[in-house]
Amino acid sequence: MRGRIVVVGLAGLLVSGCAAEAEPVAVPPPVPIAVDVAAASSGGACRLLDFTVIEQLVKVRFDVAAASEQGDTHTCVVRVGSAALPELTLSVSETTIDKATFAADVVPDKAAKVTGLGQQAYRRTTAAASGHGPVAEVGWLATDGRLATVSWTGARGSERAAAEKLTGDLAALAKKVDTRAL
């Protein structure tokens with residue numbers, strides 16, 4: 001009798017192994033988690049920028065930053081996702097020029113003076129060109145022997161008047177940039 005029970009048990013196990021496998025249960029893919037990365041994580045002049053501060057002052061939320069260094073010049077470009085424009089660029093270079101040389105050789109013609117920024121500063125706009133809209137720029141001779149510019153390149157079709165208004169916001173942003181941190 002025991003033998004029959006063992007044989008029936010083994011037969012049952014063998015038959016159950018031949019049964020059709022259960023259909024797999026579809027599991028939805030995990031939801032991607034968006035992580036805010038600071039502009040400073042890109043290094044270079046990006047260490048001097050903060051996405052939140054830029055958004056507060058120029059009213060655009062940038063989320064991509066790229067840095068470059070060439071000799072004594074540090075540059076940072078920030079953009080919105082994969083869009084090429086608008087973009088904001090910060091460039092900082094070491095220099096030995098004085099205020100007089102800055103005024104004579106660096107300040108562009110028809111640039112307006114900016115007060116309360118470095119030793120001397122200017123702001124200006126340029127017209128739209130092939131592939132992009134107008135450019136707003138603020139340049140200054142920092143008190144620590146550095147020459148800096150922050151510029152905004154607008155998207156094609158944007159108005160020069162908007163870029164001109166933006167120079168005030170860029171000047172406020174420039175006042176937040178501590179070039180000594182490089």
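Helices (H or I, at least four residues) and strands (E, at least two) are DSSP runs, numbered from the N terminus. What you have open is a predicted model, in which local features need pLDDT of at least 70 and side-chain atom pairs count only at pLDDT 80 or more, while totals for chains, interfaces and linings use all residues. Residues are numbered from 1 along each chain as its sequence is written, and side-chain values use heavy atoms, with hydrogens and water left out.

Start with the loops. Select Lys-110, which is found in the loop between helix 3 (99-106) and strand 4 (112-113); its phi is near 65 degrees, a positive value in a residue other than glycine. Lys-110 is exposed, with a relative accessible area of 84%, where exposed means over 50%, buried means under 20%, and partly exposed lies in between (1.4 Å probe, protein chains only).

Next, go to Lys-59, in the loop between helix 2 (51-58) and strand 1 (64-70). Lys-59 also is not a glycine and has a positive phi of about 65 degrees, and at 63% relative accessibility it counts as exposed.

Then move to Pro-86, in the loop that links strand 2 (73-79) with strand 3 (87-94). The peptide bond leading from Leu-85 into Pro-86 is cis, with omega near 5 degrees.

Seven of them form an open sheet in the order 1-2-3-7-6-5-4, with antiparallel pairing, and two strands pair if DSSP finds at least two bridges between them. At the edges are strand 1 and strand 4, each of which pairs on one side only.

Select strand 3: seven of its eight residues are buried, so the strand is largely enclosed by the rest of the structure. Seven bridges join strand 3 to strand 2, antiparallel, and eight bridges join strand 3 to strand 7, also antiparallel. Click on Ser-91 in strand 3, which stands opposite Thr-75 and has Thr-149 as its bridge partner in strand 7.

Continue to strand 6 (residues 135-141), which runs antiparallel to strand 7 (residues 146-153) and is joined to it by seven bridges. Here Ala-136 stands opposite Trp-152 in strand 7.
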